[in-house]
Amino acid sequence: MLRDITIGQYYDVDSPVHRLDPRTKVLGTVIFIVGLFLVKSFLGFAAAGICLLLLIRCSNIPLKFIVRGQKSIAMLLLFTVVLNMFMVKGDVLVRIWFLKITYQGLYTALFMGMRLIMLVIGCSMMTLTTTPLQLTDGLEKLLRPLKKIKVPVHDIAMMMSIALRFIPILMEETDKIMKAQSARGADFESGSLLRRAKSLIPVLVPLFISAFRRADELATAMEARCYRGDEGRTKMKELKYRTGDYVAMVLLLLFLLAMIFSRYLPGVRELAGTVLTLLGVR
Amino acid sequence: MEEMIKSQDLVYIYDDDDDQTSIEVTASGGTPSSESNQEEKPHALDGVSIQVEKGEFVVILGHNGSGKSTFARHINALMLPTEGAIYVEGMDTREDVNIWKIRQKAGMIFQNPDNQMIASIVEEDVAFGPENLGIAPDTIRVNVKEALEAVGMSHYKNANPTHLSGGQKQRIAIAGILAMKPECIVLDEPTAMLDPRGRSEVMRTLLKLNREEKMTVVHITHYMEEAAQADRVIVMDHGKVVMEGTPREVFSHVEELKALGLDVPPMTELAFRLRKKGIDVQGDILTVEEMVGALCRLN
């Protein structure tokens, strides 16, 4: 069950999206996120959703696989939606005891839900189509200018790629430890929230110890393979922008413009109206 | 033959605490010290002199804490000797300028296959070493391809190591070292966490590299069947070399090995027991085939 999480997992097929330069995909994801936060209407969300579906289509990754990966955020999603539904003040639609569902609340909840789902799918599209190493290479190159102000860009990139490599391993390990503890009578499912949180301690302690041991061994192994930071280091796969990347950039720009337009559409209309009336008056 | 690795009176003492180390150093210099102190700070290596020739397949045996892993780490300059010296192709590990050259010449494989892989794609992991050496991208590609072919894992070049078996992961780790074009591979119990099939995969790969590519192999293991296939076996105990010779020579000392807490290959054990019962099987037996031959000769 823990291995179903698709964030940070690469889906190995060939597609135009897979072939894009990681830098394009990182920038694309940022643009997509900005776009999602700009959107304020259902029409905008629909447009973003269609773009996302088209992207999935192009990436040759089965939709089912992506949907299954979203299970892990279901709780978070539910929490956000419910919280928004009840907490936002406004015109009351339904009243259950002291809880009120307002029109505005429902509206915000729906927006938040959609935004969250698309956010997660958008980000996992990046990791599904890019190998972690490519991704960190891309980030490293994108952030290279920061090196001038002494930001350890290479180190950060290396840490990220190692973290991504070890996520599935640590997941599996958590699974194993939990089973081992259950076999000895540990109970993770019943009791109050506090009790359940407490029962996780015997899982977390061995997990941390093991993670530290792994880190130590990995560091030794890296040293044995002549790792010494980024000085004098080359890359087997050098990053290069290709035609596809330029096409993608143009599409992304269009997407961003569309999102901006959808947000300020009423404003634009108003502006146009004022201009027209002004012109009419003249 | 040229020598690949040469250690001279190698001594290594763990120092968790600097003050205590200085006491220990004087102790090893001849000043008598209390028993308890000696026990607290044992010499992980105590005057180890080993020579490994180029193209040799050497197995180092020893139970836990015998100093065999510590020795392996000295070859790679991951640990530096407290006393004595170790040379890899004539380069002293104590000199900083040599470290990277030594690590490229004598690649190292560790026990846990998961904890020595950096990348989530096989090919990119194999490329990690040569990338660190600053080799040109095109050459790296060639090296990686050859290395994966040498360990028979070319089909898996785009796979995620998480989904591979232990034996396969260990072969990828070996490829990662091969891509750096080393002269020698040092393996620190690479088969300890593997199932029998994974063990034989790794062993076959190592033997092939040794026979076909003339790779020097220093293999540390618990498994006597693996030791039986080596050119030379070195047995360590309490930081000292206690036995050395061809597998046949070493395994003929069944009782001494048992006293050291080690086993002998199953067939050697059987021959030993048969002899004890008065059945005179001839020769130093290591494999089932040899056993069959010896038993047939009895009648």
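Modeller: The centres of domain 1 and domain 2 of chain A are 29 Å apart, taken over C-alpha atoms. Keep in mind that this is a predicted model: local features need pLDDT of at least 70, side-chain atom pairs count only at pLDDT 80 or more, and totals for chains, interfaces and linings use all residues. Residues are numbered from 1 along each chain as its sequence is written, and chains are lettered from A and ligands numbered from 1 in the order in which they are written.

Biologist: Where do domain 1 and domain 2 of chain A run?

Modeller: Domain 1 of chain A covers 1-130 + 241-282, and domain 2 covers 133-237. Those bounds come from an automatic or database domain assignment.

Biologist: How many residues does each domain of chain A put into the contact?

Modeller: Domain 1 of chain A gives nine residues and domain 2 of chain A gives 14 residues. Contact means C-beta atoms, placed from the backbone, within 7 Å.

Biologist: Which helix gives the most on the domain 1 side of chain A?

Modeller: Helix H2 (residues 22-38) of chain A, with three residues. Helices (H or I, at least four residues) and strands (E, at least two) are DSSP runs, numbered from the N terminus. By class, that side of domain 1 of chain A has three nonpolar, three polar and three charged residues. Nonpolar is Ala, Val, Leu, Ile, Met, Phe, Trp, Tyr, Cys and Pro; charged is Asp, Glu, Lys and Arg; the others, Gly among them, are polar.

Biologist: Helix pairs next. At what angle do H5(A) and H6(A) cross?

Modeller: Roughly 160°, with the axes of H5(A) (residues 74-87) and H6(A) (residues 103-129) coming within 7 Å. Axes are lines fitted to C-alpha atoms, for helices over the stretch in contact, and angles run from 0 to 180 degrees between N-to-C directions. H5(A) and H6(A) are therefore roughly antiparallel (over 145 degrees). H5(A) passes H6(A) in a right-handed crossing, where the near helix is turned clockwise from the far one by less than a right angle.

Biologist: Which residues of H5(A) and H6(A) meet?

Modeller: Among them are A:Leu77, A:Val81 and A:Phe86 in H5(A), and A:Leu106, A:Met112 and A:Ile117 in H6(A). The contact of H5(A) with H6(A) has 10 nonpolar, five polar and no charged residues.

Biologist: And H7(A) with H8(A): how do the axes cross?

Modeller: H7(A) (residues 132-142) and H8(A) (residues 153-183) come within 9 Å and cross at roughly 160°. That makes H7(A) roughly antiparallel to H8(A). The crossing is right-handed. Including A:Leu139 of H7(A) and A:Met160 of H8(A), the contact of H7(A) with H8(A) has seven nonpolar, three polar and two charged residues.

Biologist: Over to chain B. In what order do the six strands of the open sheet come?

Modeller: E7-E8-E9-E4-E10-E11, with mixed pairing. Strands pair if DSSP finds at least two bridges between them. E7 (106-109) and E11 (240-245) of chain B are at the edges with a single partner strand each, so one side of each has no neighbour in the sheet. The twist averages 20° from one strand to the next.

Biologist: How many bridges join E4(B) to E9(B)?

Modeller: Four, and E4 (residues 57-61) and E9 (residues 216-220) of chain B run parallel. B:Val59 is opposite B:His219 in E9(B).

Biologist: Last topic: how many residues does each chain give to the contact?

Modeller: Chain B gives 34 residues and chain A gives 29 residues. On the chain B side, H5(B) gives the most, with seven residues. That side has 16 nonpolar, 13 polar and five charged residues.

How values were computed
Contact = placed C-beta atoms within 7 Å. Parallel < 35°, antiparallel > 145°, perpendicular 65-115°, else oblique.
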